[in-house]
Amino acid sequence: MSKLKLLIPSNLNSIINVENFSENLISDFQLQEELRGRITLSIIEAVTNAILFGNKQNPLKKVKLTATKTTQKVIVTIED
């Protein structure tokens with residue numbers, strides 16, 4: 001089982017780190033290139049919602065991203 005983690009402040013300027021996380025996920029987990037856009041968009045949307053609505057853009061609060069790959073699936077969790 002493979003795992004990636006990222007912890008960012010609740011600031012929209014942190015989205016660049018989320019893009020890098022998504023790129024690493026696709027590369028490290030050897031996912032199909034055709035899925036890149038869908039995966040990246042889904043992760044960015046979820047993190048943006050966590051920043052804006054969950055944490056109310058409070059930079060003292062964090063958003064935690066975790067990606068886990070098993071033999072059959074990839075699970076991405078966003079926590080605010």
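**Salt bridges and strands**

Tutor: Let's begin with E33, which counts as partly exposed at 48% relative accessibility; buried means under 20% relative accessible area, exposed over 50%, and partly exposed in between (1.4 Å probe, protein chains only). This is a predicted model, where local features need pLDDT of at least 70, side-chain atom pairs count only at pLDDT 80 or more, and totals for chains, interfaces and linings use all residues. Residues are numbered from 1 along each chain as its sequence is written, and side-chain values use heavy atoms, with hydrogens and water left out.

Student: What does R36 form with E33?
Tutor: A salt bridge, with the closest N and O atoms 2.5 Å apart. The term means a side-chain nitrogen of Lys or Arg within 4 Å of a carboxyl oxygen of Asp or Glu.

Student: How many salt bridges are there in the whole structure?
Tutor: A search finds 2. E23 and R36 also meet in one, at 2.2 Å from N to O. E23 lies in helix α1 (residues 15–28) and R36 in helix α2 (residues 36–54), so the pair ties together parts 13 residues apart in sequence. Helices (H or I, at least four residues) and strands (E, at least two) are DSSP runs, numbered from the N terminus.

Student: Ok, strands now. Which way do β1 and β2 run?
Tutor: Antiparallel, with 8 bridges joining β1 (residues 2–9) to β2 (residues 62–69). Two strands pair if DSSP finds at least two bridges between them.

Student: And what do β2 and β3 form?
Tutor: A hairpin, with 4 residues between them.
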